Amino acid sequence: MTLIGFVRHGVTDWNYEYRAQGHTDIPLNDEGRRQAELLAKRMENEEWDYIYSSDLSRALETAQMMGRIKNIEVKTDPRLREMNGGLIEGTTEQERVNKWGYGWSKLDLGIEPNDEIVARGMKCIMDICERHPDKKVLIISHAALIGRTLKKLIPHVDTEVHLDNTSVTILNKSQVRWDCALYNCTIHLTAK
């Protein structure tokens with residue numbers, strides 16, 4: 001049975017400012033690094049065989065902290081990047097409304113369509129599972145890519161809650177379907 005752990009990257013300044021990040025390569029801020037360190041400590045006593053990450057620095061830095069603790073080389077895959085936000089990248093909701101009006105989300109602003117996000121997420125995950133059958137694999141990525149892909153993988157599970165920074169979601173693949181063993185867990189952020 002293949003087991004996949006999905007992890008959203010640590011927080012960035014743009015997360016705090018509610019700016020659309022997309023493919024823009026925004027690094028972790030100090031709080032994001034602290035979150036990633038707490039996550040790495042949590043993972044220290046867990047067994048993982050491989051770590052894959054988006055090539056964007058906020059995910060990669062999060063992954064590398066875990067890689068150092070686990071002594072696992074982090075492999076990057078650009079298919080794990082956040083959705084491409086097109087013209088909205090770097091903007092807040094208010095800035096989008098000011099520039100394009102309240103109907104901005106219905107305009108063609110170069111935002112990557114949901115079906116394309118899901119297709120690349122699914123393809124990447126299936127490739128990883130095929131490459132590492134019956135292994136435990138951590139995937140560090142972004143909220144939109146993970147969230148939309150989870151809706152496809154586990155449609156029988158309520159995944160409406162927005163994924164928190166450094167949250168852990170664990171899926172295992174049986175012969176019939178994917179099952180969710182853990183969703184959006186951030187216990188490492190509150191543990192004493």
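A polar contact is a pair of N or O atoms within 3.5 Å; within protein, one atom must be able to donate a hydrogen and the other to accept it, and residues adjacent in sequence count only if both atoms are side-chain atoms. The exercises below use this term and a few others.

The structure is a predicted model, in which local features need pLDDT of at least 70 and side-chain atom pairs count only at pLDDT 80 or more, while totals for chains, interfaces and linings use all residues. Residues are numbered from 1 along each chain as its sequence is written, and side-chain values use heavy atoms, with hydrogens and water left out.

**Exercise 1. Which polar contact does the side chain of His-188 make with another side chain, and which backbone oxygen does the side chain of His-188 reach?**

Step 1. His-188 is found in helix 7 (residues 187-190). Helices (H or I, at least four residues) and strands (E, at least two) are DSSP runs, numbered from the N terminus.

Step 2. Check the surroundings. His-188 has 5% relative accessibility and so counts as buried. Buried means under 20% relative accessible area, exposed means over 50%, and partly exposed lies in between (1.4 Å probe, protein chains only).

Step 3. Find the partners. The side chain of Arg-42 is in polar contact with the side chain of His-188, at 3.0 Å. The backbone oxygen of Thr-166 is reached by the side chain of His-188, also at 3.0 Å.

Step 4. List the neighbours by contact (heavy atoms within 4.5 Å). Leaving out residues up to four places away in sequence, His-188 touches Gln-35, Leu-38, Leu-39, Arg-42, Thr-166 and Val-168.

**Exercise 2. Where are Thr-166 and Asn-184 found, and is each buried or exposed?**

Step 1. Take Thr-166. Thr-166 lies in the loop between helix 6 (143-153) and strand 5. Its relative accessibility is 0%, so Thr-166 is buried. Thr-166 is not a glycine, yet its phi is positive, at about 60°.

Step 2. Take Asn-184. Asn-184 belongs to strand 6. With a relative accessible area of 12%, Asn-184 is buried. Asn-184 is not a glycine either, and has a positive phi of about 55°.

**Exercise 3. What is the order of the six strands in the open sheet, and which strands stand at the edges?**

Step 1. Read the order. The open sheet runs 3-2-4-1-5-6, with mixed pairing. Two strands pair if DSSP finds at least two bridges between them.

Step 2. Find the edges. Strand 3 (74-76) and strand 6 (178-185) each have a single partner strand, so one side of each is left without a neighbour in the sheet. Direction ignored, neighbouring strands are turned by 20° against each other on average.

Step 3. Recall how pairing works. Backbone hydrogen bonds pair the strands of a sheet, in either a parallel or an antiparallel way.

- Strand 2 (residues 50-53) pairs with strand 3 in the parallel sense over three bridges; the bridge partner of Ser-53 in strand 3 is Thr-76.
- Strand 2 also pairs with strand 4 in the parallel sense, over four bridges, and Tyr-50 stands opposite Val-137 in strand 4.
- Strand 1 and strand 4 are parallel too, with six bridges, and Leu-3 stands opposite Lys-136 in strand 4.

Step 4. Look at strand 4 again. Five of its six residues are buried, so strand 4 is largely enclosed by the rest of the structure.

**Exercise 4. At what angle do the axes of helix 2 and helix 3 cross, and which residues meet?**

Step 1. Define the axes. They are lines fitted to C-alpha atoms, for helices over the stretch in contact, and angles run from 0 to 180 degrees between N-to-C directions.

Step 2. Read the geometry. The two axes come within 9 Å and cross at roughly 35°.

Step 3. Name the residues. Arg-33, Ala-36, Glu-37, Leu-39, Ala-40 and Met-43 of helix 2 meet Glu-61, Thr-62, Met-65, Met-66, Ile-69 and Lys-70 of helix 3.

Step 4. Examine Ala-63 in helix 3 (residues 57-70). Ala-63 is buried, with a relative accessible area of 0%. Not counting residues up to four places away in sequence, Ala-63 touches Ile-51, Ser-53, Val-74 and Ile-140.

**Exercise 5. Against which elements do the buried residues of helix 5 pack?**

Step 1. Identify the residues. Those buried in helix 5 include Ile-117, Val-118, Met-122 and Ile-125.

Step 2. Name the elements. The buried residues of helix 5 pack against strand 1, strand 2, strand 4, helix 6 and strand 6.
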